[in-house]
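Here is a short report on one protein model. Keep the sequence and the coordinates open while reading.

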Amino acid sequence: MSRPFRFGVSLIAPATGAEWAARCRRAEELGYDVITVADHLGMPAPFPSLVAAAQATRRPRLGTFVLNAAFWNPALLAREVATTDALTGGRLELGLGTGYVPAEHEAAGLPFGTPRERVDHLLRTIEELERLLGPDGLSHGTPWPGGKAPETSGGGPPRVPLLIGANGDRMLRVAAEHADIASFTGARTGRNGTLEPLSAGELDGRVTLYRKAAAGREEPAELNLLIQIVAVTDDRGAAVRPWLPRLPHLTEREVLDLPIVLIGSVEQITGQVRDLRERFGFSYLTVLEPNLEAFAPVVRALRGR
């Protein structure tokens, strides 16, 4: 049985306190279920931004989308997670990934490492968080759309759901074992940290590998997809053409068919979103801040359904 839809927005632009609060309130007004913050240099710092978002809103859950695990010492991260979850009233969702931009590591004075080293560090981080945020560690149950998390079985404070962003084979296996929410980027990492979008067939392969790895879970994870392009229009071709120079290896038709591209009328995009859940199992979609308003009619049409 399909999960009900949840929708998130990733806020990425620096702002004053008043501007940030206004943006968060607007996301709540438009019906978004989750407000998230990335972990890139030049963007807002994740944890203080989420605490400020909690002060400005009442309903949305608040997430890191996603933390670059290589930027964090696990023990210090556990402190940040526990404090932020407390200050946001138990609304935190913790998203973790390996990081993919070498230039950011260089600017931070941190080694980028090999793919194996980055995944090893992420896995150690997850294991340490599970130990330090015990006794039962991070949540491994069914996520709770749009509301407060349930208490633990022992009646203690609610546990923090874990989202893992993944695309490579090993990362998909890590997500299958540990994540409450498995997040698919819909893209592979190219040279110099660039992202190359996956076709629908390629994404099918990624989801199939994940499902095989997750076959033994007691509770299935929620599946998330990051949407890169949203445009509400009656002329799909005209809307996609400005993006073609960035994707020179793809035709106009191929770009329009990418799972991470939603272009068309509200009715067409609503149908595309339903197809993403039917074909791949994506019930939780995240859009980037520039698409906050454009995607809002779809949120109104499908949220919680």
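Is Glu93 buried or exposed? The model is predicted, and in it Glu93 has a relative accessibility of 4%. The cut-off for buried is under 20%, so Glu93 counts as buried.

**Glu93 and its surroundings**

Glu93 belongs to strand β5, residues 92-97. Its side chain has polar partners. One is the side chain of Arg6, at 2.9 Å. Another is the side chain of Arg61, at 2.8 Å.

Strands β1 and β2 run parallel and are joined by four bridges. Within this pairing, Gly8 stands opposite Val34.

How many of the six residues of strand β10 are buried? Six of the six are, so the strand, residues 222-227, is largely enclosed by the rest of the structure. In a regular strand, side chains alternate between the two faces of the sheet. Here Glu222, Asn224 and Leu226 point one way, while Leu223, Leu225 and Ile227 point the other way.

β10 pairs with β7, residues 181-184, in the parallel sense over four bridges. Asn224 of β10 is the bridge partner of Ser183. β10 is also joined to β13, residues 282-288, by five bridges, and these two strands run parallel. There, Leu225 stands opposite Leu285 of β13.

**Helix packing**

How do α1 and α2 meet? The axes of α1 (residues 17-29) and α2 (residues 46-56) come within 9 Å and cross at roughly 60°. That angle makes α1 oblique to α2. On the α1 side, Trp20, Ala21, Cys24, Arg25 and Glu28 make the contact; on the α2 side, Ser49, Ala52, Ala53 and Ala56 do. The crossing of α1 past α2 is right-handed.

Helix α11 spans residues 292-302. Its buried residues are Leu292, Phe295, Ala296, Val298, Val299 and Leu302. Which elements cover them? The cover includes the strands β1 (6-11), β11 (229-232), β12 (261-264) and β13, together with the helices α1 and α10 (266-280).

**Before and after α11**

Asn291 lies in the loop between β13 and α11. Its relative accessibility is 9%, so Asn291 counts as buried. Not counting residues up to four places away in sequence, Asn291 touches Tyr32, Gln228, Ile229 and Val230. At the other end, α11 is followed by Gly304. Gly304 has a positive phi, near 80°.

**Backbone at Phe65 and Val66**

Most residues other than glycine have a negative phi, and most peptide bonds are trans. The bond joining Phe65 and Val66 is cis, with omega about -15°. Val66 is found in the loop between β3 (61-64) and β4 (67-68).

**Around α6**

Asp180 is in the loop between α6 (169-178) and β7. Asp180 is buried, with a relative accessible area of 0%. Ala176 is in α6 itself. At 2% relative accessibility, Ala176 is buried too. Not counting residues up to four places away in sequence, Ala176 touches Tyr210, Ala213, Ala214 and Arg217.

| Pair | Separation in sequence | C-alpha to C-alpha distance |
|---|---|---|
| Asp180 and Ile164 | 16 residues | 8.1 Å |
| Ala176 and Ala27 | 149 residues | 30 Å |

**Back to Glu93**

Glu93 is buried, and its side chain makes polar contacts with the side chains of Arg6 and Arg61.

Note on methods
Residues numbered from 1 in each chain as written. Predicted model: local features only at pLDDT ≥ 70, side-chain atom pairs only at ≥ 80, totals over all residues. Heavy atoms only, no water. Buried < 20%, exposed > 50% of the residue type's maximum accessible area, 1.4 Å probe, protein only. Polar contact = N/O pair within 3.5 Å; in protein donor to acceptor, adjacent residues only side chain to side chain. Pairing = 2+ DSSP bridges. Axes fitted to C-alpha atoms, helices over the stretch in contact; angles between N-to-C directions. Parallel < 35°, antiparallel > 145°, perpendicular 65-115°, else oblique. Left-handed = near helix turned anticlockwise from the far one by under 90°. Contact = heavy atoms within 4.5 Å.
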